[in-house]
Amino acid sequence: MAETILEVRNLKKYFKTARGMLHAVDDVSFSIEKGHTLGIVGESGCGKTTTGRCILRLVEPTSGEIYFEGKDILSLNRSEMKSIRKDMQIIFQDPFSSLDPRYTINQALSETLRVNRIRTGKKAIEDRVLELMETVGLAERLINTYPHELDGGRRQRIGIARALAMEPKFIVCDEPVSALDVSIQAQILNLLEDLQEKLGLSYIFITHDLAVVNHFADEIAVMYLGQIVEKAPTEELFDNPVHPYTRALLSAIPIPEVMENRPQTLLTGEISSPINPGNECRFAKRCRFACEGCRQHCPELVQIKPGHFVACSRTGEV
Amino acid sequence: MEETVKTTNDDIVLELENLRVKFVLETETVEAVNGISISLRRGRTLGLAGETGAGKTTTALSLLRLVPYPGRVECDKLVVEGHDVLKMSQKELEKYRGADLAMIFQDPMTSLNPVFTVGQQIADTIMLHDPTTREDAMKKAEAMLELVGIPAARAVEYPHQFSGGMKQRVVIAIALACNPGVLIADEPTTALDVTIQAQVLALMKKLRDERGMSMIMITHDLGIIADVCDEVAIMYAGRIIEYGTLRDVFNHTRHPYTEGLFNSLPNIRSRREKLKPIPGLMPDPSNLPKGCAFAPRCRYATDACRAERPADRMLSDTHMVACTRYDEPGFRIDRPDRD
Amino acid sequence: MKKAETSPVLLTSKKYVKQSQIRIILHNLRKNTGAMIGLGIILSLIIVSCLSDIIFDYDTEIAGINIADKLIRPCREHIFGTDDLGRDIFKRVLYGAKYSLGVGFAATMIGMFIGVIFGSIAGYYCGLAEDIIMRCNDVLSAVPSILMGIVIVSALGASTFNLMLAIGITSVPQFVRITRAAVLSVRNQEYVEALKATGMSEARIIAFHIIPNCMSPIIVQITLRIASAIIAASSLSFLGLGVPVPAPEWGSMLNLGRQYVRTASYLTIFPGLAILITVLAFNLLGDGLRDALDPKLRK
């Protein structure tokens with residue numbers, strides 16, 4: 001049945017800066033079921049990327065617990081971590097900087113296979129490289145090409161192939177399509193979807209594009225300044241958004257349809273800085289509904305319906 | 001006084017005919033733009049949509065005559081606000097840029113000079129086109145800032161003290177400082193967050209309507225086009241392949257590429273619908289196919305498509321499509337009409 | 001069947017890769033006339049140095065004293081003339097290329113080796129290690145390099161190897177600085193993070209993925225440093241702290257000719273010209289390489 005593959009509890013990551021503590025990720029908890037996709041949505045600086053990096057321990061969290069298949073990975077030492085890294089992979093946003101420019105597709109993939117002893121022997125590695133290329137839809141003739149000879153979509157396919165080379169169970173997709181053109185974006189999204197079906201992968205899909213995450217995720221967590229403000233199954237979130245920020249975000253998506261006078265709730269103001277936030281609702285400064293109470297304490301994530309969590313003091317009132 | 005060139009219609013502020021831009025390099029010739037014609041009426045907004053490498057930005061730079069070396073621009077006619085831009089001297093061009101036609105670039109982070117205050121930068125632009133004292137220009141600059149929703153007191157601040165959205169507002173203030181008749185916006189919100197993007201687009205719409213300005217909006221986001229534009233030109237491999245009013249192109253789509261673009265977009269309303277991407281890649285602009293540039297990726301393509309470049313076909317007074325298949329009576333693409 | 005088709009491609013892949021990289025660089029370099037002239041001069045100097053022991057007999061032709069022929073002006077027989085001990089200057093200048101090039105190459109390699117190691121450590125691991133390395137580096141580069149060379153050679157004694165060591169050490173700070181800057185920019189690329197995510201060790205990432213991507217500025221620096229190492233070697237030899245006499249090192253030839261500068265200026269002109277041309281050749285090649293290796297100028 002629905003088995004939890006990853007659970008994150010009270011994850012925090014603070015960075016020291018010249019102006020104070022930057023609360024990049026502040027008390028974030030969620031879990032993902034096997035074969036499912038969690039979308040993490042938010043604007044720049046909301047901590048979505050840092051969350052992804054923390055899960056893979058590419059960034060060491062300040063505090064919190066991360067359980068992968070029941071094991072607390074933050075307590076693992078280097079070599080134990082190495083064996084678990086095989087199961088968790090990441091796909092990056094920028095297909096131009098996420099590949100070593102001096103390695104051909106073949107070199108990049110076979111190095112990954114060889115160094116991590118996923119395949120041994122020249123023949124086995126060669127076969128696996130070709131197999132991986134076929135899986136992600138790269139033509140065999142491209143085997144000796146360098147990344148700079150390829151377009152963004154094909155480079156992103158190499159990035160995916162590299163992640164798949166480790167035979168992971170779980171992949172963090174960090175804005176995998178935002179640097180690509182629409183027609184290529186759809187190709188990559190379809191590929192990721194097919195892979196999930198075929199290999200039973202679980203994803204965290206980090207993006208700022210609600211239309212993409214709506215298409216892709218089973219559950220969505222909306223982040224604002226390091227905190228999850230709303231979390232719900234995708235359909236529920238889109239049909240019945242509760243948090244004022246989620247609503248503003250939804251109404252800000254440009255929809256490619258002819259519409260007369262689409263109602264839009266525009267947010268005023270800018271995202272404030274996540275450095276030394278006080279004990280208040282972090283969205284209060286931009287929120288139309290903010291009252292005194294919102295500025296005095298930080299709201300907790302509360303379940304309002306099965307599976308639908310919101311962090312807003314005025315839920316139900318407005 | 002220079003003689004103003006008669007346009008076919010007094011209402012037309014910008015007319016461009018058969019623009020071709022080539023970049024001749026040592027080993028190859030890149031055909032960036034291959035015959036584009038645009039006419040823009042006063043107060044209207046034209047959306048230029050297309051993917052990377054379609055020639056959108058090159059078209060915009062050609063309008064300003066700012067195509068960088070080794071680009072070669074050829075054009076039959078370019079008339080903006082009654083001035084024949086092709087005949088302008090370097091000096092006249094400098095006056096024309098900013099006063100008649102202004103441009104907003106994609107990245108607000110790099111379009112401002114970090115060593116001057118934003119007030120100074122707006123005032124400098126005003127003084128370039130309008131001989132006034134520095135004090136007057138600064139006053140006007142502060143008014144411009146207020147106009148784009150920034151308190152006048154922030155005129156003395158430097159660009160790094162502004163956030164991305166605020167910087168783009170400053171860039172808009174600079175572009176509008178000399179009251180241009182036409183504003184070109186090249187992906188003005190791509191570098192911004194969604195909620196900030198909505199703010200900036202709303203601001204641009206408001207200013208456009210207040211000033212009766214014409215606008216050319218360059219973007220890859222069909223959602224922005226639907227939000228801002230009256231007319232749409234879809235570009236592919238340096239050509240406009242479908243051109244019409246927003247309704248023509250969005251609700252009565254005719255070109256297979258336009259259809260493909262719509263099918264590639266995740267639909268916010270029906271989430272489980274499978275995406276139908278366009279197979280293949282944009283053709284190499286230094287080696288364009290002989291026939292229709294889209295034919296290799298087009299599922300409707302026939303031998304006739306591959307043999308010859310399609311001509312522009314008017315389907316109605318406003319709706320143009322460049323597709324050979326419409327020679328056959330009764331040819332329809334799969335996307336249904338809406339309304 | 002399918003596999004059989006692809007195997008040849010795979011087997012030749014490595015070779016294909018290397019050729020294409022060098023070919024691009026050579027192609028770019030070929031367009032630069034100055035760099036090609038520089039490269040030509042350097043190649044001929046290298047050939048001369050390799051062959052010098054075969055062509056010339058060191059004991060009789062290079063170091064052998066022949067007072068009868070002393071101080072002959074340049075003529076058909078001795079085109080550069082002879083020195084105060086009757087040795088042919090042309091032969092000595094050609095033979096001397098070996099010392100200058102050898103000291104230049106070896107000293108720069110020593111400097112590069114130390115510099116790249118410390119530079120990449122400083123660039124990759126920020127924090128304390130970086131602070132310590134960079135402050136030591138600042139101290140080292142604050143000492144004038146010729147003074148440093150004099151101190152090292154006087155402490156260890158004048159020999160060719162000590163000369164190389166002294167000059168090598170003085171060129172370390174430059175390499176540390178350049179490597180650190182390059183590593184810093186490469187380290188933050190996403191592919192480094194991607195490799196970490198695949199569980200690759202940091203040593204391997206540095207050695208196989210970061211340093212190769214930093215090679216362009218280092219290669220340029222090598223050619224430019226060889227030029228200054230040649231000057232430094234000549235200067236130290238001029239002061240009598242370099243290659244011991246009677247070896248025809250260009251700097252020490254200058255020193256020997258010093259007393260005859262008014263009466264027999266050809267004693268100093270020709271070794272001086274040799275230094276000038278060699279240094280110029282390396283500088284031309286260095287500038288050309290900088291352009292050829294710049295990814296922004298590449299298509």
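**Note on a predicted three-chain complex**

1. Start with one residue: G71(B) is partly exposed, because 17 other C-beta atoms lie within 10 Å. On this scale a residue is buried with 20 or more other C-beta atoms within 10 Å of its own, exposed with 12 or fewer, and partly exposed in between, the C-beta atoms being placed from the backbone. G71(B) sits in strand β4 (residues 71-74) of chain B. Leaving aside neighbours within four places in sequence, its contacts are V21(B) and F23(B). Two residues are in contact if their C-beta atoms, placed from the backbone, lie within 7 Å. R44(B) is 27 residues from G71(B) along the chain, and their C-alpha atoms are 29 Å apart.

2. Some ground rules. The model is predicted, so local features need pLDDT of at least 70 and side-chain atom pairs count only at pLDDT 80 or more, while totals for chains, interfaces and linings use all residues. Residues are numbered from 1 along each chain as its sequence is written, and chains are lettered from A and ligands numbered from 1 in the order in which they are written.

3. How confident is the predictor? The complex has an ipTM of 0.85 and a pTM of 0.83. Chain C averages a pLDDT of 84, and 91% of the residues score at least 70. pLDDT is the predictor's confidence in each residue, from 0 to 100. Within chain C, the mean is highest in α9(C), at 92, and lowest in α1(C), at 39. Over residues 1-19 of chain C, pLDDT stays under 50, and the model has 13 contacts beyond four places in sequence for them. Where pLDDT is low, the predicted coordinates should not be read in detail.

4. Which chains touch? There are 2 pairs of chains in contact, and chains A and B share the most contacts. Chain B and chain C do not touch; 10 Å separates their nearest C-alpha atoms. Between chains C and A, 20 residues of chain C meet 27 residues of chain A. Four helices of chain C each supply at least two residues of this side: α1 (2-11), α2 (13-30), α10 (190-197) and α11 (202-238). α10(C) gives the most, with 6 residues. By class, this side of chain C has 9 nonpolar, 7 polar and 4 charged residues. Ala, Val, Leu, Ile, Met, Phe, Trp, Tyr, Cys and Pro count as nonpolar, Asp, Glu, Lys and Arg as charged, and the others, Gly among them, as polar.

5. Look at α10(C) itself. It is mostly covered, with 6 of its 8 residues buried. Among the buried residues are Y191(C), E193(C) and L195(C). The buried residues pack against α2 (78-85), β6 (88-91) and α5 (152-165) of chain A, and against α9 (172-187) and α11 of chain C. Just after the helix, G199(C) has a positive phi of about 85°. Helices (H or I, at least four residues) and strands (E, at least two) are DSSP runs, numbered from the N terminus.

6. I25(C) belongs to helix α2 of chain C. Not counting residues up to four places away in sequence, I25(C) touches A292(C) and L293(C).

7. Finally, a sheet in chain B. Its 8 strands form an open, mixed sheet in the order β7-β8-β9-β3-β10-β11-β13-β12. The edge strands, β7 (101-104) and β12 (313-314), each pair on one side only. Strands pair if DSSP finds at least two bridges between them. β12(B) runs antiparallel to β13 (residues 320-321) of chain B, joined by 2 bridges.
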